Amino acid sequence: MTQAFSGMPKALGHIRVLDLSRVLAGPWCSQNLADLGADVIKIERPGVGDDTRAWGPPYARDADGNNTSEAAYFLTANRGKRSVTVDIATPEGQALIRDLAREADVVLENYKVGQLKRYGLNYASLKEIKPDLVYCSVTGFGQDGPYAHRAGYDFLIQGMGGLMSVTGERDDLPGGGPQKAGVALTDLMTGMYATVAVLAALTHRDRTGQGQYIDMALLDTQVAMLANVGSNYLNSGKAPKRWGNAHANIVPYQTFACADGHIIVATGNDGQYQKFVEAGGRPELAVDARFVTNPLRVQHRDVLVPLLAEMVGTRTRDEWIAQLEAVGVPCGPINDVGEVFENEQVKARGVAIEMDHPAAGKVKLVRSPMKLSLTPAQADLPPPMLGQHTDEVLRDLLGRSEEEIAALRAKGAI
């Protein structure tokens, strides 16, 4: 379905974002802001654009089923934005960025530490011409510390930041060893934290008139999102290990193989455990002295889990889900992505949307999960073609004439 909210108020309709970021963490932040109504101007390199434009296949397809130039990866993080091509290595391009910054509330960038200073586009420089500017930098390791100069990538940070040490099957089981998450969680979470930080800084600016600098680092985010795993270490002194699809502190809270697939069983308390084994025809496991409380089940998991696995394997996935839902035991299937988008709840919530696109005709996207009753997240613009809005922005926002725009293009500045 197409998401349309014409005439609806926009929470950030008064905000303009100058987005100098590429790939995922920064663009994820600016897409959140665009969904909430901000005017996001995405600056891209002439002729090349955001790196992810080339991260295909797959690509969006046109009405005849042929691939377009628009990589599906790029589409995922760039809706709602206007694309302007500027070569910031040229004096003319740098002047354009400074002029655009004067008209912006937020600048977002993910260049290497110190790189934009060479062009006079760092926070200190832009603050001189726009004192209330909110300027957010996203890097791998932050603006200071011994690793500040290093490039940071999600995969590396998942390893360095501890996530891979607790992701993957147990080392003592077949297939054991570190695994990265199936999506770029560190990039995405950094984009989410950056969104929160930008909104907080804008709120402060609106109260005080003061802009400020935001220093976001992928490594900081990854360590923060260790959550209970990090807390377990800090309060015990023991580094947590991998548990595969099991849980370090709760049993049973894991996957089981059914007769025709797999199921997740997540018993959060003793009552749910008792209902689980009774539904499986093994009531004696509910009263066994080794398993009556969760701490005991954790202690004796190597004895209990094989018994539960044998029990679950006697029935189909759908049979188990129906029986456990009927008695209030949290459970669910392990869907592939195709099954996800065919799920009745996902369809009922309108998660998949379709938008008009100049090259593909229509593109399918995933809408923002932020549902606000008065100012809903809106997908007004499809992910832009490279440089699609260059002339529009320079003409309407900066007042450049057609002759001036042509001259900038002739010099390679746009």
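**Rings, a helix and a core**

Trainee: Why is Phe276 called buried?

Mentor: Phe276 has a relative accessible area of 0%. Buried means under 20%, exposed means over 50%, and partly exposed is what falls in between (1.4 Å probe, protein chains only). So 0% puts Phe276 in the buried class.
Mind you, this is a predicted model, where local features need pLDDT of at least 70 and side-chain atom pairs count only at pLDDT 80 or more, while totals for chains, interfaces and linings use all residues. Residues are numbered from 1 along each chain as its sequence is written, and side-chain values use heavy atoms, with hydrogens and water left out.

Trainee: What makes Phe256 buried?

Mentor: Its relative accessible area is 3%, which is again under the 20% limit.

Trainee: What does the pair of Phe256 and Phe276 tie together?

Mentor: Parts that are 20 residues apart in sequence, because Phe256 lies in strand S9 (residues 253-257) and Phe276 in helix H9. Helices (H or I, at least four residues) and strands (E, at least two) are DSSP runs, numbered from the N terminus.

Trainee: What makes Arg297 lie over the face of Tyr273?

Mentor: A charge sits over a ring if NZ of Lys or CZ of Arg is within 6 Å of the ring centre and within 35 degrees of the ring normal. Arg297 is at 4.3 Å from the ring centre of Tyr273. Lys180 lies over the face of Phe155 too, at 5.9 Å.

Trainee: Which residues of helix H13 are buried?

Mentor: In H13 (residues 317-326), they are Trp320, Ile321 and Leu324.

Trainee: How do you know that the buried residues of H13 line one face?

Mentor: Down the axis of H13, they fall within an arc of 100 degrees, so they line one face. The arc is that of the directions from the helix axis to the C-beta atoms. On the other side of H13, Asp318 and Ala326 are exposed.
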